[in-house]
Amino acid sequence: MHHILLDRWGQGASPLHRRDARAKIVALLVFLILLATTPGNAVAILITDAALLASAILIAGLPLRGVLLRAMVVLPFSLTFGLISWLAGEPARALALVEKSYLSTVAVLLLAGTTSLPLLLGGLERLGVPRLLVLVAQFLYRYLFVLSEQSRNMRLAAACREGGARAARGFRFRAATGALAVLFARSYNRAEGIHQAMQARGFSGRFSILHFQRFGALDAAFMLSVSAFLVLVRVG
Amino acid sequence: MTPLIEVRDLHFQYEDGTKALEGINFTLLPGETVALLGANGSGKTTFVLQLNGVLRGTGSITVCGLPLTKETLPQIRSKIGMVFQDSDEQLFMPTVLDDLTFGLLNQGVPEQEAIAKSKLALQQAGLAHVWNKAPYHLSAGEKRRVALAGVLVMEPEILVLDEPTTFLDPPAERDLLQLLSELPQAKLIVTHNVRLASALATRAVFFERGQLVASGSVDEIARRFGWNYADLPAADLRYSAQRRF
């Protein structure tokens, strides 16, 4: 599971792991904005950005190959749009689109791999992201694992009753849609159960997230130096 | 002796029209542990969800002398600690510590105090080492104990446990039983597990089609309703299995 791996990465103790989540989120935002506005033909800037990310991954003690491979998850989407641009006669734009989306994904993975989810959510909340969005992300992350386990069990149960025979495609499609409906109904039931459990412990509509991190001088220095370096690379 | 819980003429119907509870009268006295026995769908869980206002029927419910109303709900919810059947539904926060502090922060306890109390509760449950873990990294037994700790940290006067031994292997079940037997609170235990009921409960009540039809000792109720399958001769079990399939 991807998110279990990210959890494990997030438990590290590198200098990057120790930085306050807010400093890393702001640095990531600066990186993404500058990357998005970098001209497609500015190869030197893109190479510098890639080198910066690779150095950060190594400093964080994350597996470089693992991060780069997992960032490929974005390629099916960006390659599709890249292909459209290529066919429209803009090969440079197509290449830039793929490069930028890939580097952006690496940067996001770097943040997720050096910040545990509770700290990341706490950081987002303190930076002013609406609490509702933070909560939705939290619940999605928490129950993704439970739901995926349920769907895996359903797949196994279906496979056990296949008896080695391959059913007609139409039947398999109907079975898959039925399983999806069951999964949805179960998720709905679970959501009701969670709400009841929350009510039973006095939930009155306001959620509290523990904030362990303090934004210190080192965090400010990290945030400002990374941002300044990125701006210098972009304009210089 | 003033009852901790007093329920009079409780009725409840689900939105689809299913009558889940019909005229329930029930009393829980201080120090009592009552096992709620009955078939699936007989109304046991629906009943306990009424006690802290998660579900609302008609009739009267008094908890620790407080009538259950919208105004008294926060007080009543701090007096009744409820451990749900599925720990995954109860442990919804990103880490164990976040989950334990959830109830305390809702009660208005300051953050640092909530953290200290929660860590102590985890220590008492023998799980001090899991405070920063995500709940899905825990075993079923650990989840159940964390769920219990999350309720105990709120210092409730009454504990309600819905099928506490579901998904537990025998060692985890034994550990939980030991932990529960040491807790001083009055308890309501929804269970099919007669062994658990016998070990912990001072009394049992039996639910049938939304009605509370009998009250007595665990042995008496289990025998009367054929609830203790260990008592059945093997031939009866074979007959029962043949009839079903």
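I started with the pairing of β7 (residues 158-162) and β8 of chain B: 5 bridges join the two strands, which run parallel. Strands here are DSSP E runs of at least two residues, helices H or I runs of at least four, both numbered from the N terminus, and two strands pair if DSSP finds at least two bridges between them. This is a predicted model, where local features need pLDDT of at least 70 and side-chain atom pairs 80 or more, while totals for chains, interfaces and linings use all residues. Residues are numbered from 1 along each chain as its sequence is written, with chains lettered from A and ligands numbered from 1 in the order written.

I found B:V160 opposite B:L188 in β8(B). From β7(B) I followed the chain through helix α7 (residues 170-182) to β8(B), a right-handed β-α-β crossover (clockwise from first strand over the helix to the second, with the strands pointing away from the viewer).

Next I looked up the other neighbour that I had noted. β3 (residues 33-38) of chain B pairs with β8(B) in the parallel sense over 4 bridges, and B:A35 has B:I189 as its bridge partner.

Is β8(B) buried or exposed? I see 5 of its 5 residues buried (20 or more other C-beta atoms within 10 Å of the residue's own; exposed is 12 or fewer, partly exposed in between, with C-beta atoms placed from the backbone). B:A186, B:L188 and B:V190 lie on one side, B:K187 and B:I189 on the other.

Last, I turned to the contact between the chains: 24 residues come from chain A and 28 residues from chain B (C-beta atoms, placed from the backbone, within 7 Å). On the chain A side, α10(A) gives the largest share, 8 residues.

Methods:
Two residues are in contact if their C-beta atoms, placed from the backbone, lie within 7 Å.
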